[in-house]
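User: Hey, I've got a protein model open and I'm a bit lost. Can you walk me through it?

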Amino acid sequence: MPYTPLANSTVLDAFASGQFNDAQYQAVLAGSSNAGAVLADLFGSPGEPASISVATSGFVTVGLVLNRANDPTALLSSSWATRQAQLADQAAVWATYGADAATYGAVYNAVKSVVGEGALSLATAMGYVSSVEDRTVWVTLTPGEFQALLGVTQLDIREFDAPAWTGNLGINDLIPAGAIGGVWLEANALPQNPMVFNSTPVPVSAGPLGIANGAALSSSVIATPTAIADNYRFPLPADVDTPTIALIESNITGSGGESLRLALNQYRAAIGLPPVTEAEFQTVPAGAQANQLNGEVTLDVSVIAGAAPNSTQILYGMQEAGTPYLAYQRAIFDAVNDPGILSSSYGIYGQPTAASPFQWAFQQLFVDAALANVSVHVAAGDLGAAGYPTNGVPNVISSQSATYALLVGGTAIATLSTALEDPTLASLVSLALVDNTEIVFSLVAAGLKTLPSHLDASAPGPAGAASSLTTLVEAVWQTLVVQQAGNQLEAPFGSNETGSGGVATYLPVPAYQSRFGLNPTGPSGSGRGAPDVSALSAGDSYYGVLNDAYVDGQSGASLLTLSGGTSASAPLWAALTAQFNTIFADQGLPRLGFYNDLLYNAAVVAPGSFNDILLGNNVNSYFTTDHDTGFTNMSGQPIVPTGMGYAAGPGYDLATGLGTPNGLLLGRALTAIAHAQVSFSSSPALLDDDGNGGWQSGADQSLLFQVTSPGGDASIDVSIGAIGTPFFSGASGSFAWTSRLAQQSLQADFDPGLVTLFDKQAQGAVSYSGVALGQAVALTVDGASGQALQASYSNPYGFADFFAGGDSVRVARPIAIAETVGGANDQLAVVRLRQGGQDSLSLTLYKVDDLAGSIDGLAPGTAGYNAAIAGRAYQTTAGDTAIAGPGYGQYAQVMLQNVDAGDMIAMKLTDQTTGAFFFAFANANETVNGQAVGHLWNYGLNTWGWEDTFGGGDRDYNDLVVQLDFTSASGHGWLV
């Protein structure tokens with residue numbers, strides 16, 4: 001019977017990406033005489049070949065995945081708002097992007113004619129659903145049926161109870177040509193003796209490999225998921241309903257889902273939560289059973305219970321010894337429950353190759369989820385940079401990385417109490433406790449809100465389920481410890497001890513990362529960077545969760561136990577997404593669905609949304625051998641560490657992604673971005689791409705040019721059209737305020753001591769110019785051309801950064817455009833203020849007519865302009881037009897009345913102590929050495945800092961930090 005070969009469909013393509021050499025691949029592809037020996041060697045352990053034999057019994061379930069009727073790439077590459085408009089009609093989505101119905105029917109009938117109705121019925125009886133929408137035809141095959149359908153003799157890898165074959169798979173020619181795009185096998189196999197791609201050993205000494213992971217278990221904090229969510233500032237009150245969350249799980253428990261629910265209610269009561277009903281805690285299929293409860297299940301349901309206590313949980317089970325594929329399909333295509341949020345902590349041992357039909361099929365699951373408007377959260381993994389393969393180089397786990405999923409990495413949190421017991425933090429803590437400026441500055445970037453000398457050193461209680469958690473240090477989760485064991489060094493390499501991250505070279509760099517200015521690159525090339533975000537996994541702090549042993553009725557088992565891993569950080573992020581979806585609905589927005597692009601956008605315009613993790617690494621690459629190396633893993637297997645992986649650092653990194661969330665600040669940023677996209681797509685951008693790699697002004701406007709030069713003095717040239725204007729900037733202060741710090745300071749509970757600690761740190765120079773619509777804008781710094789790598793994300797929000805080496809120049813508008821909820825008029829706007837200056841200050845906000853700041857034809861700086869402001873000033877809800885500064889180090893918040901959509905809002909600062917007043921527009925201010933003095937500095941999304949001294953003073957631009965927020969007061973005002 002003739003077959004059409006499927007390219008790149010060998011068993012090595014199915015299970016062994018990055019683990020074989022070309023000679024091995026060619027032997028298996030050709031089915032040469034040594035093909036069996038190659039497979040036995042790869043899938044065996046060093047010195048112990050695997051057992052490979054012809055299959056004579058048993059079953060394997062296979063999914064044939066059809067191509068889509070239409071390509072959804074253009075839709076999924078569009079803006080979030082554009083996607084949402086089209087995804088609202090789900091019937092049209094699947095009619096367009098599911099399989100062609102006629103082709104699907106022809107494939108189904110052809111498969112039935114080849115393998116018989118029984119193979120289809122058996123798959124259906126096991127829970128596999130074949131449909132036009134999911135484009136899959138599932139069959140459960142005997143070895144003979146496997147050969148009839150796929151044209152190869154089925155072999156068995158006994159150690160994994162998994163199928164193997166030589167050569168490429170084929171598709172029986174009775175099946176319409178070109179209909180099949182992918183194949184999925186419900187099986188797992190992982191080479192235990194892969195090719196070694198880096199065999200260079202690195203010296204490793206006894207001791208911890210990480211930082212902030214070293215406290216003894218007896219000293220660690222075990223906190224409830226509620227406490228952990230509070231530490232990350234999840235924004236909603238505990239009594240607010242949140243939407244359903246789907247969990248990908250193994251089948252549930254020997255007593256069914258009901259015993260788990262009853263135990264979960266005991267856990268909820270223990271941590272102060274009300275019980276859930278059968279309707280609020282479900283399993284799919286209902287009453288699913290397995291021999292013993294998996295601890296992964298109790299971890300997941302506990303995290304959701306604590307962090308989103310009012311969300312219904314639906315657990316979608318996969319077949320025992322199967323893969324998560326079926327559970328994903330069950331959740332994504334569940335039209336009855338329609339869960340908009342999904343979390344998965346399950347990976348697949350086998351790693352498909354990039355161009356294989358197996359990889360294509362798996363990645364299409366996440367395309368399906370994006371089309372179904374489901375937010376998918378995937379644990380990045382607990383195996384560090386090594387991943388599953390022990391080949392000596394970094395690897396990203398293919399089943400735990402996808403373009404259209406949010407990949408969640410892991411961090412460790414040390415409170416002051418645990419930090420004092422952690423030997424890896426001894427020198428840092430001693431400096432932090434005397435409020436060392438350098439140390440504290442880095443800790444604040446990572447989310448610290450309280451001056452270290454103001455922190456409580458006692459351990460939070462109660463022990464085993466702490467109801468509070470306060471971060472002092474957050475670092476990469478890396479608990480690997482090398483120990484001396486006789487004359488050997490021993491470490492648990494290959495165990496779940498480290499947050500995974502790296503470069504998925506089998507996926508292209510996604511647009512949301514390239515727009516961020518990223519081209520993630522590792523030893524094997526470039527591709528999709530992982531993770532996207534992170535949260536607490538383990539280390540010096542753990543999650544207090546329901547004990548699976550207690551649910552299983554094991555004698556003496558306690559109700560609560562400690563747990564963690566990225567299997568905890570992923571559902572924690574899913575709970576945060578559930579809270580965001582509630583806030584979005586409250587503000588009239590659709591649910592988030594796939595929203596990676598919004599998160600990367602938020603990191604650009606509102607970096608305070610993320611805690612920037614700067615410490616630690618996920619380095620743990622190694623390979624196994626049968627020779628004595630002086631180094632073993634915990635099972636005594638000789639290993640060779642090769643020292644490859646990734647470290648945390650400023651901004652995005654391949655250990656923690658964008659960082660961990662500040663849920664309140666992130667919620668504010670996401671709603672602002674979403675409303676801007678939905679209701680203000682025609683607002684003039686700061687800059688437009690000129691189509692030739694350059695930028696041009698999006699409007700007639702006044703602009704600030706502000707320099708950040710941490711390395712030293714800088715010479716700047718601003719070219720507007722054909723005219724270049726050079727100016728000079730001194731070095732930025734070592735701890736000059738960043739956009740992240742300015743936005744973090746606008747939290748009511750941010751310690752005033754942190755504000756005053758970083759006072760009087762000078763910024764670089766700021767210049768000012770008027771620019772006409774369409775004029776080219778370019779910058780050079782010390783002769784190097786500035787690259788506006790993130791401008792497509794930021795310029796709709798009034799600023800763009802031009803990077804040149806370690807320096808940058810921010811081009812920014814000195815005014816805000818009111819992008820209100822739904823484009824409505826007569827709205828309230830939130831004004832947040834943090835004062836870093838010692839004088840008595842007041843602020844006036846007023847409406848202008850254009851982006852140059854004119855009022856009734858009067859330009860800033862002309863006679864009568866200051867008087868004209870009085871007639872344009874906004875009033876607060878208290879009836880004031882002058883907003884008083886809150887005092888040195890202090891915070892205040894007021895509400896503006898009568899703000900209309902599209903209002904252009906400018907500011908005037910008055911120093912009541914000296915009597916001086918200043919405008920956002922430098923040409924309206926005093927001149928020094930013939931240059932107008934700029935008193936304003938842009939700190940990102942509608943956030944600015946003022947310098948309150950005539951002539952520029954110390955130029956720290958934090959004397960009054962001001963933020964305008966046009967969306968948070970909407971609805972219930974949960975983000976206010």
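This is a predicted model: local features need pLDDT of at least 70, side-chain atom pairs count only at pLDDT 80 or more; totals for chains, interfaces and linings use all residues.

User: What's the volume of the largest cavity?

Analyst: The largest cavity has a volume of about 390 Å³. It is lined by 29 residues.

User: Which residues lie nearest its centre?

Analyst: Those are Ala672, Tyr797, Leu941, Asn942 and Leu964. As for elements, α22 (663–679), β42 (816–817), β52 (943–946) and β53 (960–965) each supply at least two residues of the lining.

User: And how does the lining of the largest cavity divide into nonpolar, polar and charged?

Analyst: The lining has 14 nonpolar, 10 polar and five charged residues.

User: How many cavities of 30 Å³ or more are there?

Analyst: There are four of them. Among the residues lining the second largest cavity are Phe15, Trp184 and Phe358. That lining splits into eight nonpolar, one polar and no charged residues.

User: New topic: at what angle do α2 and α3 cross?

Analyst: Helix α2 (residues 22–30) and helix α3 (residues 35–43) cross at roughly 130 degrees, and their axes come within 8 Å. The two helices are therefore oblique to each other.

User: Left-handed or right-handed crossing?

Analyst: α2 passes α3 in a left-handed crossing. On the α2 side, Gln24, Ala27 and Val28 make the contact, while α3 brings Ala35, Val38, Leu39, Asp41 and Leu42. Six of the contact residues are nonpolar, one is polar and one is charged.

Conventions
Residues are numbered from 1 along each chain as its sequence is written. Side-chain values use heavy atoms; hydrogens and water are left out. Axes are lines fitted to C-alpha atoms, for helices over the stretch in contact, and angles run from 0 to 180 degrees between N-to-C directions. Helices (H or I, at least four residues) and strands (E, at least two) are DSSP runs, numbered from the N terminus. Angles under 35 degrees count as roughly parallel, over 145 as roughly antiparallel, 65 to 115 as roughly perpendicular and the rest as oblique. A crossing is left-handed if the near helix is turned anticlockwise from the far one by less than a right angle, and right-handed if clockwise. Contact means heavy atoms within 4.5 Å. Ala, Val, Leu, Ile, Met, Phe, Trp, Tyr, Cys and Pro count as nonpolar, Asp, Glu, Lys and Arg as charged, and the others, Gly among them, as polar. On a 1 Å grid over the protein atoms alone, a cavity is a set of points where a 1.4 Å probe fits but cannot get out, and a pocket is an open set with protein on both sides within 12 Å along at least five of seven lines; lining residues have an atom within 4 Å of a point. Grid points are joined across faces, edges and corners, and a volume is the space filled by probe spheres set on the points.
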